[in-house]
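Okay, thanks for coming, everyone.

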Amino acid sequence: MEITKVVIPVAGWGTRSLPATKNIPKEMLPIYKKPTVQYVVEEAQSSGLTDVVFINNQNKKIIEDHFDYNLTLERTLERAGKLDILKEVREVAEMVNIISVRQKVQLGLGHAVLCAKEVVKNDNFAVMVGDDLMFGSEPGIKQLIDVAKAENMPVIGVMEVPPQQGQPLRHHCRRGICTRPVQSAQHGGKTACKRSSLQHGSHWTLRTDTGNF
């Protein structure tokens with residue numbers, strides 16, 4: 001099983017982070033010297049993913065621009081002799097291949113992933129969210145890739161959310177691996193789930209009667 005593409009939805013308005021996101025996409029809010037989304041792309045890169053598909057909207061082109069060359073800035077840094085900073089800036093533009101798909105109407109995370117259909121076609125691919133960071137000795141998405149290859153089926157990574165104000169225990173899905181449909185009728189039309197532990201949460205391996213996910 002080969003997985004080289006990752007879909008990262010970034011088209012949301014970030015309303016829960018207002019007013020900080022009024023003019024700056026939440027994915028571009030900095031943590032020390034890097035915007036949040038760069039940490040996510042670095043996780044993908046270190047996991048062997050080479051093609052990043054951003055699902056974006058018309059007002060957040062700055063995200064794509066961050067992973068492109070800025071020749072004017074580079075010339076300025078070069079003339080100033082700031083070669084170490086110049087190297088860092090260029091490395092960001094050379095991290096991965098960037099593909100942008102427009103989500104014309106924001107209809108949720110599932111719709112955002114579906115917008116990548118014509119790009120990923122029948123390839124296996126990963127899904128990461130552009131404002132969620134996960135740190136550890138082994139990247140979170142790499143752990144899911146390894147599970148997907150071992151189990152030969154789709155995998156989602158979830159994190160338990162403690163009950164609040166009478167609400168039941170919930171799970172937030174933060175990472176996932178989508179694989180090609182695999183024919184399987186061994187579960188009689190039901191969805192089979194198996195839960196295991198990850199370094200930061202849990203993962204579920206999923207298979208339906210047709211293998212579609």
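Buried here means under 20% relative accessible area, with exposed over 50% and partly exposed in between, using a 1.4 Å probe and protein chains only. Strands (E, at least two residues) and helices (H or I, at least four) are DSSP runs, numbered from the N terminus. That's 5 of the 5 residues of strand 1 buried, so it is largely enclosed by the rest of the structure.

A quick word on the source: this is a predicted model, where local features need pLDDT of at least 70, side-chain atom pairs count only at pLDDT 80 or more, and totals for chains, interfaces and linings use all residues. Residues are numbered from 1 along each chain as its sequence is written, and side-chain values use heavy atoms, leaving out hydrogens and water.

Now, who are the neighbours? Strands count as paired if DSSP finds at least two bridges between them. Strand 1 runs parallel to strand 4, with 5 bridges, and Pro9 has Ile55 as its bridge partner there. Strand 6 is parallel to strand 1 too, through 3 bridges, with Val6 opposite Ala126.

Last stop, Val41. Which residues does Val41 touch? Leaving aside residues up to four places away in sequence, they are Ile8, Val52, Phe54, Phe67, Met95 and Val96, where contact means heavy atoms within 4.5 Å.
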